Amino acid sequence: TSIKNITVVGTGVIGNGWITRFLANDYTVTAYDPDPNTEEKTRKAVERAWPWMKKMGLAVGAPEDHLFFETDLEKSLKEADFVQENVPEREELKRKVIADIDRYTKEETIIASSTSGILPSSLQADCKNHPERVMVAHPFNPVYLMPLVELVGGDKTDKFYIEKAKMFYDNIMMKPLVIRQEIEGHIADRLMEAIWREALHIVNDGAASTEEVDASIIYGPGLRWALMGPFMTLHMGGGKEGMRHLLEQFGPALKLPWTKLEAPELTEELAEKVITGCEAQTDGVEMERLEDRRDQFLIELQQLLEKYWP
Ligand code: NAD
């Protein structure tokens, strides 16, 4: 593609993850964030993740050579061929920032938002110049290792730019999934929200601790989902006839749980229970060490995935 210079707007957890991935794939990155400590935080985050990028066979050079910081939004966008927006998840703020990015960029520069839940038609609504190159490109934490990125266009998005973005993310070793319609939470977050809701529900009822809920996924469905996702997992649970038999056998029984599922109220008591549960599970291990463990595991898991799902 013709993309060389990328500007990352908003450098928190997700922005820094993108910066790491872009640098490891040899792009020149300009970072913009109003937080005065942004440079130090970003450099630290890239440094921590860099060895993992090397393990992935990327990150040949030193990250510092291609990373620049700019404290003026307009200047940060001057050379941009691609913009990844990662400001806090507030609709008004995002609409304003994206309208500014639209004003300050070249007309063919792709503007991709990392939003977890805001619809692209809303994000592009205030763009006066070229809303057709605005889209959602929703990643997963840690962005430098997780392959999925969900691409969704709004009413005004031109498919040409979605295709171009798809090629770009393919080139940086991701698995872009183009979503057919704008739906709240895209696909993966919508599924995760359903699990998250039930996990809270179970802890709220006192039926299990946070650790027991985690164990039920780690040693159970999580292992199978990592290879095949929910549909193929169930297809194989139906014997020779697969999903046909499974639906005949269990379809009617699903009505009962569906009528019972409802959202728990996130009371202070429940929040406290979940927070102390998670803190006890980490057993005093620092967050950075937990991140190292997660990253190592994700790399090995992806190597396995390539072996079994070539
Ligand atoms: P964060 O709070 O870690 O970072 C947000 C950053 O934006 C901060 O560094 C802040 O200083 C900066 N910022 C604030 N106002 C700004 C402005 N006007 N211009 C530029 N930068 C500004 O948040 P995050 O978790 O990195 O989330 C960012 C986006 O990514 C959100 O839209 C979120 O929905 C999405 N996302 C988050 C996750 C996740 O797991 N955290 C996963 C996928 C997508």
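Which residues are buried in α2? In this helix, T42, A45, V46, A49, W52 and M53 are buried, a residue being counted as buried if 20 or more other C-beta atoms, placed from the backbone, lie within 10 Å of its own. The structure is a predicted model, in which local features need pLDDT of at least 70 and side-chain atom pairs count only at pLDDT 80 or more, while totals for chains, interfaces and linings use all residues. Residues are numbered from 1 along each chain as its sequence is written.

Helices (H or I, at least four residues) and strands (E, at least two) are DSSP runs, numbered from the N terminus. Helix α2 comprises 18 residues, 38-55, and at 1.5 Å a residue should span 26 Å; its end C-alpha atoms are 26 Å apart, which agrees. The expected span is 1.5 Å times one less than the number of residues of the helix. A kink of about 35° is located at A49, shortly before the proline P51; the bend at a residue is the angle between axes fitted to the seven residues ending there and the seven starting there. The cover of the buried residues of α2 includes α1 (13-24), β2 (28-32) and α13 (287-308). Just after α2, G57 adopts a positive phi of about 85°.

The domain assignment of the protein gives domain 1 (5-178) and domain 2 (188-308), with bounds that come from an automatic or database domain assignment. The C-alpha centres of domain 1 and domain 2 lie 29 Å apart. Across the boundary, 10 residues of domain 1 are in contact with six residues of domain 2, contact requiring C-beta atoms, placed from the backbone, within 7 Å. On the side of domain 1 that touches domain 2, the elements giving two or more residues are α2 and β7 (148-153). The largest share of that side, three residues, is contributed by α2. Ala, Val, Leu, Ile, Met, Phe, Trp, Tyr, Cys and Pro count as nonpolar, Asp, Glu, Lys and Arg as charged, and the others, Gly among them, as polar.

The ligand is surrounded by 22 residues, of which the closest are G10, G12, I14, E89 and S116; a residue is near a molecule if its C-beta atom, placed from the backbone, lies within 6 Å of it. Helix α1 gives the most to this shell, with three residues. The residues of the shell divide into nine nonpolar, 10 polar and three charged.

Definitions and conventions:
Buried ≥ 20, exposed ≤ 12 C-beta atoms within 10 Å, placed from the backbone. Contact = placed C-beta atoms within 7 Å.
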